[in-house]
Amino acid sequence: MREYKLIKDKGFKKVQEFFLYFFLDPIDKKRNLLYYCINNLVQQYNSTIKIKRTKERSFVMAWEIRADRPVYAQLIEQIQQKIICGEYPLGSRLPSVRDMAAEAAVNPNTMQKALAELERTGLLYSQRTSGRFITEDKELMMMMRESMAKEQIKQFVNQMQRLGFSLEEICDMVKKVEKEMES
């Protein structure tokens, strides 16, 4: 088997020549094509994982970051949801900024900005040497839960009204869907 070394050069042409020469060898061509296909499959699989398994819980909500809004605002909402749903229990310590940023695949500075905003609202508090903790204030949690629910309901009602439904029709439809879900 031949050994090929890529010498760093200023020109893109040298890199192109290297790859053309590398892929022209029939044995290496098959091996590299197989490697390329397997690598792409692994990357596609990793990018489609929505739920991650952990030792603490059977399933953990994955981070979903979209390009339509600022990343830090989406992080704030998702951390709030994780706290409300119990993934991060009241009074518990949050993972480090770097760990959370790596898990969410964002810049640590962006995660720091989101956590600082949550501290400002009182949902989190810092202890200088111990890290960040979630508040134990149940009243604040209930208010936040209700606020998030109202926001979701407002968005739903606005979307349904854009489709031409009246409030009565929306209520009737919600009741029908509820009955379908129960049976």
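Below are my notes on a few places I looked up in this predicted model.

**Entry 1: helix 4.** I began with helix 4, which spans residues 97-104. Which of its residues are buried? I found Val97, Met100, Ala101 and Ala104. These four sit on the same side of helix 4, because they cover an arc of only 100° around the axis. I then turned to the other side of helix 4, where Arg98 and Ala102 are exposed.

**Entry 2: the cover.** What covers the buried residues of helix 4? My list includes helix 3 (71-84), helix 5 (108-121) and strand 4 (131-134). I also checked what follows helix 4: Ala105 comes there, with a positive phi, near 60°.

**Entry 3: Glu77.** Next I looked up Glu77, which I found in helix 3. Leaving out residues up to four places away in sequence, I saw Glu77 touch Arg69 and Met148. I also noted Ala114, 37 residues from Glu77 along the chain; the C-alpha atoms of the two are separated by 9.2 Å.

**Entry 4: a surface patch.** My last stop was a nonpolar surface patch of about 300 Å². Which residues make this patch? They are Met173, Val177 and Met181. I placed Met173 in helix 7, residues 167-182. Met173 has 35% relative accessibility and therefore counts as partly exposed.

Key
Residues are numbered from 1 along each chain as its sequence is written. This is a predicted model: local features need pLDDT of at least 70, side-chain atom pairs count only at pLDDT 80 or more; totals for chains, interfaces and linings use all residues. Side-chain values use heavy atoms; hydrogens and water are left out. Buried means under 20% relative accessible area, exposed over 50%, partly exposed in between (1.4 Å probe, protein chains only). Helices (H or I, at least four residues) and strands (E, at least two) are DSSP runs, numbered from the N terminus. The arc is that of the directions from the helix axis to the C-beta atoms. Contact means heavy atoms within 4.5 Å. Patches are made of residues with over 30% relative accessible area and no salt bridge: like charges are joined within 9 Å, nonpolar side chains (Val, Leu, Ile, Met, Phe, Trp, Tyr) within 5 Å. Accessible areas come from the Shrake-Rupley method with a 1.4 Å probe; for residues, only the protein chains shown count as cover. A salt bridge is a side-chain nitrogen of Lys or Arg within 4 Å of a carboxyl oxygen of Asp or Glu.
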